[in-house]
Amino acid sequence: MGPTGAGKSSFVAKATNSGDEGVGHGLISHTSDIKATRCIIGGSNVVLVDTPGFDDTKKSDLQILESISDWFNKSYKKGTSPSGILYFHRISDNRMAGTPLKNLRVFKKLCGNKVMPHVVLVTTMWDEVDESVGDERFQELKDNYWRPMILQGSTTYRYRNTLKSAEELLLQLVERKRREIASQKQSADKVRLQKQMADKNMELRETDAGRELYSRLDQIAEKRAEILARITAQRHQAGDQATADDLAKQYESLKAELDETLRQMQALKLTSAQRVAARIRKTFKVRFHFFFFVLPFISDQQ
């Protein structure tokens with residue numbers, strides 16, 4: 001797990017020796033759906049589950065959280081839980097703010113404290129920074145943002161973007177799992193989101209991850225509303241038409257983003273049954289229009 005562009009898909013491709021297919025090279029998300037890939041590590045079968053970040057360019061944060069929760073629930077019903085969770089972070093980021101911080105906060109709420117010993121905080125993009133700069137940022141992450149997780153048992157790993165480095169990390173998880181099995185102390189700890197929805201029958205909106213996402217969306221909506229108010233004031237004071245038109249375009253673009261944020265907040269308030277009903281209504285509306293335009297064309301061909 002981790003933000004878009006942190007190197008999740010690249011890691012999977014490297015670990016499975018599957019080349020560069022499906023790997024993003026910019027800020028555009030390549031992993032818009034959850035993907036599971038099998039590989040052999042140290043003689044053991046390993047399944048790597050690649051998830052999109054909460055800053056995905058193709059899906060909303062709510063859709064991402066829904067897909068992750070659905071995957072956890074389905075896997076739990078099959079009697080499986082993650083043996084380890086890898087959280088990816090770019091060491092090339094010069095500060096921990098905005099999107100990376102949002103991803104981390106939702107991730108922590110999603111996992112819960114009991115799973116932290118199974119979390120590995122993986123830093124990537126070491127080849128894009130000087131080693132001394134990377135060391136300084138790495139230490140800051142451990143001393144500040146990651147400190148509560150490390151104190152609860154999470155470990156860190158410097159991923160060097162090589163097959164050897166990927167296999168080394170996964171082998172650590174495999175060996176830990178083997179020790180648990182040998183000592184008959186297999187962890188019964190579940191991801192918090194998994195436990196809250198599967199065991200406690202909570203709605204997504206009631207979970208800690210759902211509440212954290214709602215809080216984040218609320219902050220974004222408030223900030224965008226403030227900017228819209230400033231743009232409106234600037235439009236009234238614009239000295240020429242070109243400036244007014246430019247501000248109008250900015251206003252419409254930001255207004256669309258605010259509307260989408262508010263839509264996600266409203267959807268997050270709904271129960272799962274209400275969300276399914278809303279998706280069905282939207283689907284049938286689209287299908288109706290599709291047949292309305294296509295069927296006359298088909299009739300003409302006959």
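Helix α7, which spans residues 192-199, has L193, Q194, Q196 and M197 as its buried residues. Buried stands for under 20% relative accessible area, exposed for over 50%, and partly exposed for values in between (1.4 Å probe, protein chains only). Helices (H or I, at least four residues) and strands (E, at least two) are DSSP runs, numbered from the N terminus. The cover over the buried residues of α7 includes α2 (61-77), α3 (99-111) and α8 (208-237), where contact means heavy atoms within 4.5 Å. After α7 comes N201, with a positive phi near 55 degrees.

## Basis of the model

This is a predicted model, in which local features need pLDDT of at least 70 and side-chain atom pairs count only at pLDDT 80 or more, while totals for chains, interfaces and linings use all residues. Residues are numbered from 1 along each chain as its sequence is written, and side-chain values use heavy atoms, with hydrogens and water left out.

## The parallel sheet

Strands of a sheet pair through backbone hydrogen bonds, either parallel or antiparallel. Here, an open sheet is formed by three strands in the order β3-β4-β5, with parallel pairing. The edges are taken by β3 (85-90) and β5 (155-158); each has a single partner strand, so one side of each lacks a neighbour in the sheet. From one strand to the next, the twist averages 25 degrees. Axes are lines fitted to C-alpha atoms, for helices over the stretch in contact, and angles run from 0 to 180 degrees between N-to-C directions.

Strand β4 (residues 119-124) is joined to β5 by four bridges, and these strands run parallel. Two strands count as paired if DSSP finds at least two bridges between them. The bridge partner of L121 is T156, in β5. Helix α4 (residues 131-145) packs on the sheet and touches β3, β4 and β5; the direction of α4 makes about 165 degrees with that of β5.

## Helix α4

The 15 residues of α4 reach 20 Å from the first C-alpha to the last, close to the 21 Å expected at 1.5 Å a residue. The expected span is 1.5 Å times one less than the number of residues in the helix. Within α4, the residues G134, R137, F138 and L141 are buried. They lie on the same side of α4, because they cover an arc of only 105 degrees around the axis; the arc is that of the directions from the helix axis to the C-beta atoms.

An α-helix has 3.6 residues a turn, so residues three or four places apart point the same way. The buried residues of α4 pack against β3, β4, α5 (147-151) and β5. On the face turned away from the buried side of α4 are the exposed residues S132 and E136.

## Individual residues

Q264 lies in helix α9 (residues 241-269) and counts as buried because its relative accessibility is 7%. Leaving aside residues up to four places away in sequence, Q264 touches S60, D61, L62 and L217. R230 belongs to helix α8 and is partly exposed, with a relative accessible area of 49%. The C-alpha atoms of R230 and Y251 are separated by 9.7 Å, and these residues are 21 apart along the chain.

I40 is placed in strand β1 (residues 35-41) and counts as exposed at 54% relative accessibility. Between the C-alpha atoms of I40 and A15, which are 25 residues apart along the chain, the separation is 9.4 Å.

## Cysteines

The structure contains zero disulfides, a disulfide being a pair of cysteine sulfur atoms within 2.5 Å. C39 is buried at a relative accessible area of 10%, and C111 is buried at 1% relative accessibility.
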